[in-house]
Amino acid sequence: MTMLLRWRRPTCHRVMQVLQQFLDGELGSEDAEFVRAHLAECDRCNVEAEIYDEVMRSLAALRPEPDRAALARLEAEVERLLSDPGTG
Amino acid sequence: MSGADAVDRDREALFRRYVMPELQLMYAMAMRMTRDPHDAEDLVQDTLLRAHRAIDRFDGRHPRAWLLTILRNTQINRVRKRSPVLAFDPEALFGRLPEADGRDTVAEDALDRIADPVVVSALAGLSESHRAVVTLVDIEDLSYKEAAEMLDVPIGTVMSRLHRARAKLRRSLEKSGHVRRGLG
């Protein structure tokens, strides 16, 4: 029964097709607005969006911390390059 | 002021605008490609030199994708010089699994962040090509276009792999109770 009811509305189906792009900020503004409006009124799709958002946040937490010392050296290298363009 | 000075000033402005903000990302990608902090730094330095030479031909669109392409090509040349038989395999490099023992060996010196073993285990259930896309988009926050450049695949391939990979991760994380279940 639940499976039959799932995504029974064509709008839900359309939104689910582009949900990942929406969450990644890769949808055009008009389409994004369409998805946003749908999520505001459809609990089922909104929960889907929230679950994928949780999945994505769990993955983002695996990003290594930046190596500050290496970055400082690279910034110094850029300054050196810009102050002596002949080396470029 | 001579014309050459003006050109140098323009290049400097362009470089500061487009390249400086991406140093951290370039280094993170270099670490994933070399797995060695010193080698990663050398790679970024070589990339900076190339970018500096090329900046006045850059059209200003998608600076990150432009820089990542230079970084990638620079590394391909380095790998080729060191060993003509070794191929540059982006899926193997970016699809490498972070270790769940508290240290991601990709950046041994850099991080003290604990990799959540549940999430790492879910990642382990993906194919290498799916894990590579997830690593670039979800972990390193690249756009689809930037990930496509790094992996040398069409953008549609990045999207379809990412969607399938996330659906699989979602099921794994649901099972382990790491994320809640949908309304069905």
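Helices here are DSSP runs of H or I with at least four residues, and strands are runs of E with at least two, numbered from the N terminus. On that basis, chain A of this predicted model comes to five helices and zero strands.

**Chain A**

- Read from the N terminus, the elements of chain A follow the order α-α-α-α-α.
- Of the 88 residues in chain A, 38% are buried.
- Among the contacts in chain A with a separation of 6 or more, 52% come from residues 24 or more positions apart.

**Where helix 4 of chain A meets helix 7 of chain B**

- On the chain A side the meeting residues are Met56(A), Leu59(A) and Ala60(A), and on the chain B side they are Val134(B), Asp138(B) and Ile139(B).
- Sorted by class, this contact between helix 4 of chain A and helix 7 of chain B holds five nonpolar, no polar and one charged residues.

**Helix 2 of chain B**

- Helix 2 of chain B covers residues 23-34, and at 1.5 Å a residue its 12 residues should span 16 Å, which agrees with the 16 Å between its end C-alpha atoms.
- Is this helix enclosed or open? Because 10 of the 12 residues of helix 2 of chain B are buried, the helix is largely enclosed by the rest of the structure.
- The buried residues of helix 2 of chain B include Leu23(B), Leu25(B), Met26(B), Tyr27(B) and Met29(B), and Arg32(B) is also one of them.
- The cover over these buried residues includes helix 5 (68-83) of chain A, together with helix 3 (37-54), helix 4 (63-82), helix 5 (90-94), helix 7 and helix 8 (144-151) of chain B.
- Within helix 2 of chain B, Met29(B) counts as buried because its relative accessibility is 0%.
- Beyond its neighbours within four places in sequence, Met29(B) is in contact with Leu68(B), Leu71(B), Phe94(B), Leu136(B), Glu140(B), Leu142(B) and Met150(B).
- The C-alpha atoms of Met29(B) and Ser83(B) are separated by 21 Å, and the two residues are 54 residues apart along the chain.

**Helix 8 of chain B**

- Helix 8 of chain B is mostly covered, with six of its eight residues buried.
- Those buried residues are Tyr144(B), Glu146(B), Ala147(B), Ala148(B), Met150(B) and Leu151(B).
- What covers them includes helix 2 (10-23) of chain A, along with helix 2, helix 4, helix 5, helix 7 and helix 9 (155-175) of chain B.

**Aromatic rings in chain B**

- Over all chains, the count of aromatic pairs comes to two.
- In one pair, the rings of Tyr18(B) and Phe58(B) have centres 5.2 Å apart and planes at 90 degrees, so the pair is edge-to-face.
- This pair links distant parts of the chain, since Tyr18(B) is in helix 1 (residues 3-18) of chain B while Phe58(B) is in the loop between helix 3 and helix 4 of chain B, 40 residues apart.
- Phe58(B) also forms a stacked pair with Trp66(B), with 4.2 Å centre to centre and 15 degrees between the planes.
- Tyr18(B) and Phe58(B) are both buried, and Trp66(B) is buried as well.
- Through these ring pairs, Tyr18(B), Phe58(B) and Trp66(B) are linked into a cluster.

**Residues with positive phi in chain B**

- Arg35(B), which follows helix 2 of chain B, has a positive phi of about 60 degrees although it is not a glycine.
- The position of Arg35(B) is in the loop between helix 2 and helix 3 of chain B, and its relative accessibility of 36% makes it count as partly exposed.
- Asp141(B), likewise not a glycine, has a positive phi of about 65 degrees.
- Asp141(B) is placed in the loop between helix 7 and helix 8 of chain B, and at 47% relative accessibility it counts as partly exposed.

Definitions and conventions
Residues numbered from 1 in each chain as written. Chains lettered and ligands numbered in written order. Predicted model: local features only at pLDDT ≥ 70, side-chain atom pairs only at ≥ 80, totals over all residues. Heavy atoms only, no water. Contact = heavy atoms within 4.5 Å. Nonpolar A, V, L, I, M, F, W, Y, C, P; charged D, E, K, R; others polar. Expected span 1.5 Å × (residues − 1). Buried < 20%, exposed > 50% of the residue type's maximum accessible area, 1.4 Å probe, protein only. Phe/Tyr/Trp six-rings, centres within 6.5 Å; stacked < 30°, edge-to-face > 60°.
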